[in-house]
Amino acid sequence: METATINNNFKSEEYFINMGPQHPATHGVLRLLLTIDGEIIKKVEPDLGYIHRSIEKMCERDSYQQIVHLTDRMDYLSSHINNEAVCLAVENALEIEVPERVKVIRTIIDELTRISSHTLWWGVMGMDVGALTSYFYGFRDRELINDIFEETCGARLTMNYNIPGGLMQDIHPNFIKRVKEFIAHFKTKLPEYDKLLTGNIIFQKRTKGVGVLSKEDAIAYGASGPVARGSGYSCDVRKYHPYSALDKVTFNEALHTEGDSYARYLVRIQEMWESISIIEQLIDNIPEGDFKVATKAVIKLPKGEYYQKVETARGELGVYIISTGGKNPHRMKFRSPGLSNLSLLNHITVGGKIGDLVATMATIDIVVPDIDR
Amino acid sequence: MTNQELQELITTWFSGPESVHLEFTEEGSQFLNLSIDPEYLHELMSWLKTNNKTSFDYLFCLTGVDWGKELGVVYHLESTKHRHILVVKVQTSDRENPVFDSVQDIWPTANFHEREVFDLFGIKFKGHPNLKRLFLSEDWEGFPLRKDYVDEVNMVVK
Amino acid sequence: MYNSLIITNNIHSWVVSWMPAAVTGITEMIMIALAYLTLFAVLGLFLVLMERKVAAWFQLRIGPNRVGFFGMFQTIADALKLLSKELTGTDKADKFLYNLAPYFLIISSLMALAVFPFSQNLQAFDINIGIFFLIAISSIGVIGILLGGWSSNNKFALIGAMRSGVQTISYELSVGLSLLTMILLTGSLQLSEIIEVQKSGWLIVQGHIPAVIAFMIYMIAGTAETNRAPFDMVEAESELGAGFHTEYSGMKFAYFFLAEFINMFIIAAIGTTVFFGGWLSPFGITESIPWLGVFWFFLKAFALVFLMMWFRWTFPRLRVDQLLTLEWKYLLPINLFNIVLMAIIVWLNFTIQF
């Protein structure tokens, strides 16, 4: 046996850590392979597919009405917006003009969904940096939105309220009253969020200058949504390609240029305020009319390609339909915001500590089914 | 830039547009579609990104498509400066060993998206540093999103 | 030593009446040890319940309310559940150290509990280097954490243990120095002596400005030393799963858990004794009833425990390098300056005494 050479004493060694698929910070079944030197991260490699259900393959055998129901299993926190993306794509392909009432209701529920998603994100963000109380504050307000959804369409999370051509049914008579009540309530509660977390010195120390993403990198990595807007890249689909009733409202795109976790945090807080303002502009002006236009029982899209982008709570969701004229799509692709946003994780966390990785991942706001599809 | 201007500009980049199979179409799509011989894909993409008049710096969607006989990839590009959109398509009839140039050196976001296409369609990307399956396990047989993929256990055929 | 309360006198005379004198000492020691073990268990369970109730209150919840009146027996039920659970461990763990680790924690906190004067003369062990003993004992606990993290053959546990080592070594300095500041006022390390001095005003009043600074540093460092949020780098559930006790289950986990809560009480009790007059009543209002000292002691200690819980449920967690920056760049220099300030105040007799 050879004598072991002792030449690497006092030399630090890199080692692997397996974060996930069951780990509190990965928010679902995401697995991260970390290469670590002490506390410092050398490499992050996401290992995906733990919740891959091949939704794109399932779409190829389903009718367009059925496909809508698959989409809210992707990014379940913005399920209504996902539904809407498919419905808009189908409606554009069929050249159906939905009633104004539908457009306004869709936009109101979109923004409620966005608030609901952001409140959940805010709670979990606090939990990831160690402030457990924020979780319950976020859920307190989110519960009210879910109650409104439940009353409107019977489901709290995977709503399926949209169908190609309009809505499944009309809004509940209480809808307007309850949304107004919620807005009044939430306007007093949102400043509490700032008091608990935003102004906290430890929170700021944990997030400022952490996970910095430059504007160029945000664009190159295909980032979208609050992640890109935190880096100063103006990319709000609601501004550039307005859909539904978004052309009737005025709102500001939340933009910050620092590109760190704190900037992404502020973008989301500001987006909640903007969503409130959008809802307030629309809630008193829901036009009377039908809640859907009749479509054929079997929808056949004309031969061609259709692309529809919408702004979910996480960023730009693209629905790409290639139709050959049949009752199923030939190919259906969902451009999920999560996959692109996750691809930059390695780029912005290398060199940071394990704690930084968690804080950065929280502000990227990953929903794993959205990535895996 | 309007679609017409884009079309004219891109045509001038190639001395013989026919020899690289450069074709434009707007039929059945809301964007300008461009298809090209896979040989010249990387060259075209670099120009699209670096040229000041086009500057397509945002690759927002990368889709693998099984056209039946051919396998293809569709790139959706957007310019954050000029806000115009272009769709680039390539396809090959080689189903056994389809290879395209990787564009992940031009847009880093293509890294994951190309892995996804490799995973589900079996399309290889030349020059990709880490081309392995993204969603499915390493020992998975076949490429599920191909039209001729058969899995009698997991697939419900209607 | 423990002769002022009627009950201890009664027990003493009862034991002496039927036992040879040589054995009475040992018998009484065992009885006291059993009493302290009971106190330890009850206190631990009560603190866990209190934490859950306080957390619920902060988080707009109700908290445990099913087992017993207002959920009073919830933690007892939890303890019974933990007792009945299987003791798991990793395959390649160092079994001896792995099993030994929880006892380091539990014994160190039990030993620390022994020196506190709960009331006048109600003290098991009035050692003349009381404060020094407490500081020394409280740093034994970290050995248990290091052993547990190292031996369980889990990288998350190892990172947690290493963080704990770094953290405890750093913050022990601040705990020691802030207590040393107060020792300048008392001139004694003996806990009963320290309380005696405070009959002319609690030390936090006597020492005014430097005492308040010392108290703030003590609470920060004490929270850090017990590995509680915002300094719970050791567990950091969003980063490390469960930190150093990831691989522990059942009662061994419960030992870590109980020890954490008892350590929190110990930090609060030291704070009470050194800064807030221990069992002394405010303005001497119940001086004539000595057994009420127990009430005052626990009231003050639980107020400080509540403060630590308040920290935990309000603040986010620091990062590990920020934790060290806080200690070495801020707390330690302030502390050293504070000692000099206190020395000057004592020297010039600027203390406030009633």
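Trainee: Which residues in H6(A) do A:Ile108, A:Ile109, A:Leu112, A:Ile115, A:Thr119, A:Trp122 and A:Gly126 in H4(A) meet?
Mentor: This is a predicted model, where local features need pLDDT of at least 70, side-chain atom pairs count only at pLDDT 80 or more, totals for chains, interfaces and linings use all residues, and side-chain values use heavy atoms, without hydrogens and water. Residues are numbered from 1 along each chain as its sequence is written, with chains lettered from A and ligands numbered from 1 in the order written. Helices are DSSP runs (H or I, at least four residues), numbered from the N terminus, and contact means heavy atoms within 4.5 Å. The partners in H6(A) are A:Phe175, A:Val179, A:Phe182, A:Phe186, A:Tyr193, A:Leu196 and A:Leu197.

Trainee: How many residues of this contact are nonpolar?
Mentor: Ala, Val, Leu, Ile, Met, Phe, Trp, Tyr, Cys and Pro count as nonpolar, Asp, Glu, Lys and Arg as charged, the others, Gly among them, as polar. No residue is charged and 2 are polar. The nonpolar count is 12.

Trainee: Are H4(A) and H6(A) roughly parallel or roughly antiparallel?
Mentor: Their axes (lines fitted to C-alpha atoms over the stretch in contact, angles from 0 to 180 degrees between N-to-C directions) come within 12 Å and cross at roughly 30 degrees. Angles under 35 degrees count as roughly parallel, over 145 as roughly antiparallel. So the two helices are roughly parallel.

Trainee: Is A:Thr113 buried or exposed?
Mentor: A:Thr113 lies in helix H4 of chain A and touches, among others, A:Leu77, A:His80 and A:Phe149. Buried means under 20% relative accessible area, exposed over 50% (1.4 Å probe, protein chains only). At 2%, A:Thr113 is therefore buried.

Notes: Parallel < 35°, antiparallel > 145°, perpendicular 65-115°, else oblique. Lists of a residue's contacts leave out its neighbours within four places in sequence.
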